[in-house]
Structures are given as structure tokens and as C-alpha cells.
Amino acid sequence: MSDELVELRDSIRPVLEAAGPAADLDSAWSSAVELGWLMTAASEDLGGLGLGLTSMTLVSTECGRMVSRLPMVSALASIDVLGHAADVARVEAMMAGTLIAMPLADSAIVQSSDTLTGSAEALPCVDRAEAFLLWTEDHSMLYVVPKEASGLTLTSTPTWDATRQLSRATLSEISLSTVEIIAVDDQARRLVARLLTLRDVLLAADTVGVANALLDTTIEHLQVRYQFGRPLAMFQALKHRVADLRTQLTGAEALLENTLALLEQDLSNTDAAVAAMKASTLATQVSSSIAEEGLQLHGGIGMAQEHICHLYLKRAMLNCRLGRQGCNYANDIAERFINSCKVAGG
Amino acid sequence: MVRRLKQWESFALTELPMNEPAGNNDGLRAQVRHWLTDNVPAGWRQAMTGVDQAAFVAAQKEWFFKLSGAGFATPHWPAEWPGGGRSLAEQKIIYEEIARADAPRLILYFVSLYHAACTIMECGTSAQHEKYLPKILAGEVWCQGFSEPNAGSDLASLKTRAERKSDRYVINGQKIWSTMGQYADRCLLLARSGNSGPPQAGLTYFLLDMKAKGVSVRPIHQITGDDEFAEIFFDDVEVPIEERVGEEGAGWAVAQATLASERGLTLVELSQRMRYALPMLVSAMESSGVINDGALKAELGELITRVDAACAVADQYLLKRISGREAVGDASIVKLYYSRTLRAFTSLGLKIGGLDAQYLTPHMRGATQETGAWMLDFMNSYNWTIAGGSDEVQRNIIAERMLGMQREPRNWLFEG
């Protein structure tokens, strides 16, 4: 990690730690804006930090680690993509705190003559958002829908993970004249590909943060909890389970690191999409193991609301269901690999 | 009943993207790739299938001299030696290319080039440097004499005796699991020279001549039908004091140098080999008629991801070493991640292979654990979960030394 990135991390972590886990969204958002965390998503000529993808994922990881309510995956991916669409005004507004939210899960919206109809899942923080960045199912159009657009219905249902506020957007024959089109055709396809890849990587980063924090908390519990006259951490049966979790998590972290190195070169191509799918599918798998084992290793206290364990558990489990198809990419990864073998083998 | 093996030959290697930091080594990569294209023995897998071990040893010697002649066998040696003076980043490239070219592994020479050479360089006298290193370069085969029947994971409890008698030591005892011990010229021997203090304190390290009087070797017949390992028996074997490395009683520290000599490069190579072998699973799915099985596809997708992660773990570990940020336990994670992934790889192969994989196929030698004879590969994958510090030992190291989980008190001993 470069000195600049270390400095960035060291400036983010204490702020999130001081605010505490699942801290109030309003004050967290003001700090994030003031401290320029959103600027990691833009290049220098757009007024951003220009530190690249690694700096964005670092912000996401830190937010995961402190189970922050900040809608960082959505905010960072949107700023990046709007920046790549040369939408300077929106990028500036968003870095100054305007939230244009995007769906964190599947969306299915179709264009029919001059209207848009369909739905998008898991839009974060719609109360705070002023507009929504959406795309058609065939990726041929990327556009911003204002919150007050006629035909737009937002349905908010609380999730078990209280650090997220997710809503469904239903579009019912929204007239194209009320939306702002960012890109169409090939340009739209490139930008949506970028957006989805970025979303996978940022979700993987958030998940890695959650998993690390939960594993640390679990180890700490085992070190201080005494039964049979000794710390639980001294039992080899528990040591080996924890060592396996640490090893799996190191795998997910390393894959994410390698993926970032690959993606820094090009975010929009197919290799990038597959690499991001691998990173997010592994991160969510590992984090769900850590969530399951983490609760068990905490024993009774893990079932109590007063303990932080459940915040991580719920966020980890929700993260496993975000992204395309709930991050369940194993079949896609295999299909693409099988096809690449056929091409190579002739 | 013997069936022909065909998986490996039936597909072309897929080009996979290399994840590496900003490439300033493109020249070396191209050079190594070019040389390997011209020099890897064509059809070596076929040639090594169904042959006896003597033929395998001959082929290993030939490949060693080719590789060392080109300067790619000793990249980790200091610059004053032929082929030496390569940085870790350069060594990584060489091993990645060896994996990519599917070159034979230098199994016969691994202990001599890494364990023996690094131990002698780090802990040996200048006389020992002059005596042994040129011989290693000239193709001397070494084996390791550490484990004993009753000292495996608990290596420090070993009992082979080294008794000092004027200018020599007399060795009595038994070693086990010495890779290629039956072909070795010399042995890195760890023996007990004293009984006072903690068990580690009484050990002394020797460079023993395998042709000395009183040494006898017996190959171990493995469950795979191969015999890559040997037992070594020492019956009043005399070792001159000049063949001792380090002081008497300092053997444990010297042994640590031996064990640290691989520097993560082996697992860079092996995880890349596993990655390049992934198309074998696709090929096996095709020949077993299960290429459209959704459940198997999902398993394949998960495995591909894990194999990529194993490569990434080895990559990131090496980057840490290069920048001097290696922490205690990191190496254990690399090994544990690789060993578990290899088990998953071979288990999936075995599942895909179905009943066909249960029929005997001619043995392919020197092909690591990815031969496409899935039952063989499955059994061989245990080499990595047991040898070189078992998974259980690695988990202890990770939990206790890296994560700070409390150790059990030393005095909890079972009297038995």
C-alpha cells in the first residue's frame, strides 16, 4: 500500500471508530463529505483525489469494519461512473454531499417507446437521496431519475441489518422527458459494465471489512472468556476453527488485492467483470462462514443485542445477497472458463 | 485392467492473466518463456508415464543440467554463483514461467538446491562452502534426515544419537520420510547430541555422506504405488567433525534456516501449476459427459475462484517478503491455503472422474498432483496437508503466533 493510501486509511479509521459502530447517518455523512472520502471516486481533473480504485475500496472496507451506515458502495460507484460520463456538475455536487443512489441488487427496467417501466432492488438511503442512477435491463441506457418523477414509487422495508436502509424503486411508465439520460448504446453498455464491476468490488471490500472486524471480535472474546479455568482460546478445537477462518479470509483479501491490480488497468472489459465476480463471491462466502462460526464461538452473548456480534452477522448475511444474483456467481465463472477452454483448445 | 490416460494431452493451455505489480521485468519473462518453449522436453508427461523410477531419475538429471546450464536452476543463489543473484521478484517470474510452460518439477534436486545450499550458505564455514556448493551445482543429490518414526510434528523430540568421539561423531538411529533418500549422495541430518535443557537445545546438524559405512536406506512403498520416500538407518556411522554445521547443540537454529529456505517460491510455482491445470477438470467433465451438470459447474466455479485466491495468497506473500513486511504465521497461511485448495481440486477431479477414475492407470512420474489420474492425484494431494508441517501444525502456528490465542502450559504432559 502506498504512503498516500496508508495516510488515507489512518485518517478514516479513527473518525469511524470515534463515532462508533452503526453511528448516526446524518453526522457520519457530514464527516464523510467534509473529510473528502467521496473524493476517492473522482480523478484529479474532476476535483477528486485521483488515488484510483484502491482508495475507493479502502473507504468501503473501513466502512464495513465499523458497520457504518454510510451508503458508500452506492455513492462511490455512482460518482466514478458519472465522472467517466464526464458529468462534471453531478460529480461536484455528489462530492459536496448530494446523494444519487443506485440499486445494490438486481434491477429490471425496460424501455417501451418513450417510457421506462420495471423495478430496481436495494437502493440505499432513499430518504437522503435526491435522485437515482438506474439503467435498462439491456444496458442500452443509463439515466438519472429524480426522486419526484411521476411514476416512481419507493417502497422501504426494514432489513435485519439495521445499518442499511434499503428500498425498492418501482417505475411505472416514467416518461423519458422526466429523466436525464447519461448515456445510450455502446457508451451506456460500457458504463453499466463499469458500474456493476465496481459495485462487486466495493461490496467485496465492505464484506472483507465486516469479516475482519467480526473475526477480531471473536478472537478477542475467546481470549478473555474463561471456562474450565482457562481462556477458551487455549482449546485447540477452537484454535483450529479460528485459524481456518483467518486463512480463508486471507485468501479473500489476497484475491481482492490482485483483482484491484488487474482492474486499475481496465475496469470495463470482460476479464475485469469476471475478476470482480470472483472477488465478491469469495468474499461473501468467506464472510458468511465467519458470521456463522463467529456467532457460535461467541456462545450465549452472541445472541444478545447488547453485543456487537449481531451487527456484523446481519450485515455479512445481507452482503451475501447483494450484487447480481445475490453474488452467486459460481455458475457464471464456470461457464466463462469452460468457454475459454473451448476457444483455446479449438 | 489398465486404461489409457488422456486428459492432459486433450486440451491446450488457456492463457490466464498474470496478476503482478507494475511490470519492469518483461525482458526476463520473455527470455525465460522463450527458452522454456525451446527446451521443455516435448511430451515429457507421456514419456514419464508407466516408466520405472530409474528412468525418472535419469530424466530429472537431464532436465536439471539443461535448466542449470541456462541459469534458471539457482536463481536464489548469490550472484557469485552461476545462475545466481536474482531478486525475489525475478525468481517469482522464473517460477511462474516454469509453471506456465508445464516444465517438469525438479523433485530430485529440490533438497540440494534449496535446503542444503541455503543451509550451507547461511550457517556453514567457508571450507564447507567450497567443498559442497560446487558439488551441488554439479548435480549431487541430497536428502533431508529430520523426521523420525516418533518425531513428526514434534520434531524437537527426535532421538537419533550423535555421540562425540574425539574428531568425529558416531550416529545411531533412524530417519523417515526422506524424499528421494534412496538416490541421495548426502543427507542433512539433525541428531541428538545432548539431553540437558529443553529438547531443542541438544540437537546438532550434520552433512552426512550417504555412502558412509553403516548407512542403509529402505524405500517406503506408498499407497500410490510409488516410492518417493525412504527410511534411513544409521548403525555406528562415523561423521568427521568437519561435516557438522554450526556448533554442537545449535542444530535447531540451523534447521530453521533449512526450513526457511524456500521463501514462498515453491508455492508460487505450485499454485500457478494448479491454475494452469484447471482445464483438466473441464476436459474431464467433457469426457465424463457431465459438462452440463449445473451442480458440478457451480463447484467448478467455486474451485476456480479458490485456485485464483491460492495464487493471490502466494503472490501477496511474496510481495510482503520483497518489501520486508512478512509477519509470523504468514507462511503458514500460504501453505494451508494451498494444501486445502489442492485437496478441493483433486476431490472435484475424483468426483468428475466417476467410476473411470477408480480403474488403475499407468503411473505418471514427476507430474506433481495434477496428472488427471484423479485417484492418484487425490492421494498425492495429502503430501501437502501432511508433509512440511501438517495442516494441524500450521493451524497451531496461525492461532498462537499470529492471532495470539493462548498456548497450553508447557507442563501439560501425558505420562505414557
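## Where the two chains meet

Let's start where chain B touches chain A: 39 residues of chain B are in contact with 38 residues of chain A, two residues being in contact if their C-beta atoms, placed from the backbone, lie within 7 Å. This is a predicted model, in which local features need pLDDT of at least 70, side-chain atom pairs count only at pLDDT 80 or more, and totals for chains, interfaces and linings use all residues. Residues are numbered from 1 along each chain as its sequence is written, while chains are lettered from A and ligands numbered from 1 in the order in which they are written.

On the chain B side, α10 (294-322) is among the elements that give two or more residues, and α10(B) gives the most, with 14 residues. Helices (H or I, at least four residues) and strands (E, at least two) are DSSP runs, numbered from the N terminus.

## The domains of chain A

Chain A is divided into domain 1 (3-97), domain 2 (107-178) and domain 3 (187-341), with bounds from an automatic or database domain assignment. The centres of domain 1 and domain 2 of chain A, taken over C-alpha atoms, are 23 Å apart. Their contact takes nine residues from domain 1 of chain A and six residues from domain 2 of chain A.

## A sheet in chain A

Chain A also has an open sheet of four strands, in the order β1-β4-β5-β8, with mixed pairing. Its edge strands are β1 (100-101) and β8 (180-184) of chain A. Two strands pair if DSSP finds at least two bridges between them; β1(A) and β4 (131-135) of chain A pair in the parallel sense over two bridges. There, A:Ile100 stands opposite A:Ala131 in β4(A).
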